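Hello,

Here is the structure you were going to look at. My notes on it follow below the entry.

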Amino acid sequence: MSIVYIEENGQYSLDCSKAIWSTDRIHSYYQDSDHQYGYIGFLCDVDFVIENEKNILLVEYKNASIPGAANPNAFRPENDNKLDNVAKKFYDSLHWLYLNGKDKPKKYIYILEYPTGNSSSRLMIRNKLKKKLPFVLQENFATMDRKIIDEVKVVDISEWNADEELGIYPLQPVSSSTT
């Protein structure tokens with residue numbers, strides 16, 4: 001069965017056909033204007049969740065390099081406020097995963113494209129983001145068998161597609177056959 005999601009800008013598709021389970025719907029529950037799920041519109045969420053045999057991948061996608069991006073050269077993903085928001089999306093998505101019984105190890109993947117981005121800047125952003133995620137918290141509770149998060153990566157689209165685990169869910173430009 002083909003499961004393909006189109007990111008919010010309509011420029012790229014993410015093929016999750018090989019996933020055990022996946023979704024791009026958390027936002028529709030958290031931001032429900034009819035409050036069918038409660039008054040929880042203050043919660044943030046990741047763009048995609050992908051379950052494979054070993055892990056739950058929480059995927060946040062930001063692309064300031066697409067045609068028509070508003071002022072892409074002013075985008076500063078290393079900014080602390082931006083990174084706070086990216087971290088918040090991880091934390092807030094955990095509620096939804098818990099309610100749905102998704103209890104495998106969790107990896108947070110931030111797909112980041114921007115005009116001045118390169119592997120060095122993504123590594124720096126990953127290191128700053130890692131400090132905002134619960135790695136230190138769980139280290140202080142080392143006697144526990146459970147972890148909140150197992151790994152964080154910041155990758156661009158080509159790194160995503162080349163990665164052994166991530167690349168089985170190709171992220172590609174939308175073509176007329178995808179829409």
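The largest nonpolar core has 27 residues, of which Tyr108, Tyr110, Leu129 and Leu133 touch the most other members. A nonpolar core here is a set of buried Ala, Val, Leu, Ile, Met, Phe, Trp, Tyr and Cys residues joined through side-chain atoms within 4.5 Å. Buried stands for under 20% relative accessible area, exposed for over 50%, and partly exposed for what lies in between (1.4 Å probe, protein chains only). Two or more residues of this core come from each of helix H1 (26-30), strand E5 (56-63), helix H2 (80-99), strand E6 (106-113), helix H3 (119-132) and strand E7 (151-155). H2 gives the largest share, seven residues. Helices (H or I, at least four residues) and strands (E, at least two) are DSSP runs, numbered from the N terminus.

Please note that this is a predicted model: local features need pLDDT of at least 70, side-chain atom pairs count only at pLDDT 80 or more, and totals for chains, interfaces and linings use all residues. Residues are numbered from 1 along each chain as its sequence is written, and side-chain values use heavy atoms, with hydrogens and water left out.

Tyrosine 108 is in contact (heavy atoms within 4.5 Å) with Val46, Leu58, Glu60, Val86, Lys89, Phe90, Leu129, Leu133, Ile149, Glu151, Val152 and Lys153, leaving aside its neighbours within four places in sequence. There is also a second, separate core of 19 residues, which includes Tyr5, Tyr12, Ala19 and Tyr169.

The five-stranded sheet

An open sheet of five strands has the order E3-E4-E5-E6-E7, with mixed pairing. Two strands count as paired if DSSP finds at least two bridges between them. Strand E3 (21-23) and E7 are the edge strands, each pairing on one side only. On average, neighbouring strands of this sheet are turned by 15° against each other, direction ignored. For this and the other angles, axes are lines fitted to C-alpha atoms, for helices over the stretch in contact, and angles run from 0 to 180 degrees between N-to-C directions.

E5 and E6 run parallel and are joined by eight bridges. Along this pair, leucine 58 stands opposite tyrosine 108 in E6, and isoleucine 56 stands opposite lysine 106 in E6. E4 and E5 run antiparallel, with four bridges, and form a hairpin with four residues between them. Here valine 49 stands opposite leucine 58 in E5. Seven of the eight residues of E5 are buried, so E5 is largely enclosed by the rest of the structure.

The helices on this sheet

H3 lies across E6 and E7 and runs at about 150° to E7. H2 and H3 pack at an angle of about 55°, with their axes 9 Å apart. That makes H2 oblique to H3; angles under 35 degrees count as roughly parallel, over 145 as roughly antiparallel, 65 to 115 as roughly perpendicular and the rest as oblique. The crossing of H2 and H3 is right-handed, a crossing being left-handed if the near helix is turned anticlockwise from the far one by less than a right angle, and right-handed if clockwise. The residues that meet are Asp80, Leu83, Asp84, Val86, Ala87 and Tyr91 in H2, and Ile125, Lys128, Leu129 and Lys132 in H3.

Two buried residues

Serine 93 has its place in helix H2 and is buried, with a relative accessible area of 0%. Apart from neighbours within four places in sequence, serine 93 is in contact with Ile26, Tyr30, Cys44, Asp45, Val46 and Leu58.

Proline 77 lies in the loop between E5 and H2 and counts as buried, at 1% relative accessibility. Again leaving aside neighbours within four places in sequence, proline 77 is in contact with Lys82, Leu83, Tyr110, Leu112, Tyr114 and Ile125.

The three-stranded sheet

An open sheet of three strands runs in the order E1-E2-E8, with antiparallel pairing. Strand E1 (4-6) and strand E8 (171-173) are its edge strands, each pairing on one side only. The twist averages 30° from one strand to the next. E1 pairs with strand E2 (residues 12-15) in the antiparallel sense over three bridges, and isoleucine 6 stands opposite serine 13 in E2.

Regards
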